Amino acid sequence: MALMDHWALVKDHFDKADDSMLRGRSDTYAALHYASYILGEMNPPQGCNVLDVGCGDGSTLKAIKEIRPDLKLFGVDISGKLVEIAAEDSEDCIFSVANVFNEVFLAEYSFDIIYSFSFVQYCDLDQLSQVN
């Protein structure tokens, strides 16, 4: 399958998401748990810019913001529907729709930390080798 076809399938899958697929919207404890784990792993310095690739519904980023309000948080996802949900009630995070492998996204920002909690499983090894 061509890479563009693969990403179209991933996008369609998440654009059809219902509440049962949105991991943090039904379980605030889980979102805070994910956020605590991620913060422990990245140990971000005060006020740095953090990008979540594959941010989904934004629940993890919002939980990170709750724990660390000093951070500047950004999320990118291939699904317009999930980014729309993420942007609801979120004045403190910036969300964008993009495929990080074939689009320029958030070019006006630079990031101190880029992480992904649930993106890698949709990538093949050739794609991952493009990521620096």
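Predicted model: local features only at pLDDT ≥ 70, side-chain atom pairs only at ≥ 80, totals over all residues.
View 1. Helix 3 covers residues 59–67, and its buried residues are Ser59, Thr60, Leu61, Ala63, Ile64 and Lys65. These buried residues are covered by parts that include helix 2 (28–42) as well as strand 1, strand 2, strand 3 and strand 4.

**View 2. Four strands form an open sheet in the order 3-2-1-4.** The pairing in this sheet is parallel. Strand 3 and strand 4 are the edge strands, and each of them pairs on one side only. From one strand to the next, the twist averages 20°. Strand 1 and strand 4 run parallel and are joined by three bridges. Across from Val50 stands Ile113 of strand 4.

**View 3. Asp52 is a buried residue of strand 1.** Strand 1 spans residues 49–53. Asp52 counts as buried because its relative accessibility is 0%, and the cut-off for buried is under 20%. Beyond four places in sequence, Asp52 touches Leu61, Phe74, Gly75, Val76, Tyr115, Ser116 and Phe117.

**View 4. Leu61 of helix 3 belongs to the largest nonpolar core.** This core has 19 residues. Leu61 is one of those that touch the most other members, together with Met42, Val50, Ile64, Leu73, Phe95 and Tyr115. At least two residues of the core come from each of helix 2, helix 3, helix 4 (80–87), strand 3 and strand 4. Helix 2 gives the largest share, five residues. Apart from neighbours within four places in sequence, the contacts of Leu61 are Asp52, Cys55, Leu73, Phe74, Gly75, Cys93, Phe95 and Tyr115.

**View 5. Phe74 and Phe111 form the one aromatic pair found in the whole structure.** The ring centres of Phe74 and Phe111 are 5.2 Å apart. Their planes stand at 80°, so the pair is edge-to-face; the cut-off for this class is over 60 degrees. The pair links distant parts of the chain, 37 residues apart. Phe74 is in strand 2 (residues 72–77), and Phe111 is in the loop between strand 3 (93–97) and strand 4 (113–115). Phe74 has 4% relative accessibility and therefore counts as buried. A second, separate core of eight residues includes Phe74, along with Val76, Ala98 and Cys123.

Technical notes:
Residues numbered from 1 in each chain as written. Heavy atoms only, no water. Buried < 20%, exposed > 50% of the residue type's maximum accessible area, 1.4 Å probe, protein only. Contact = heavy atoms within 4.5 Å. Phe/Tyr/Trp six-rings, centres within 6.5 Å; stacked < 30°, edge-to-face > 60°. Pairing = 2+ DSSP bridges. Axes fitted to C-alpha atoms, helices over the stretch in contact; angles between N-to-C directions. Core = buried A, V, L, I, M, F, W, Y, C linked by side-chain atoms within 4.5 Å.
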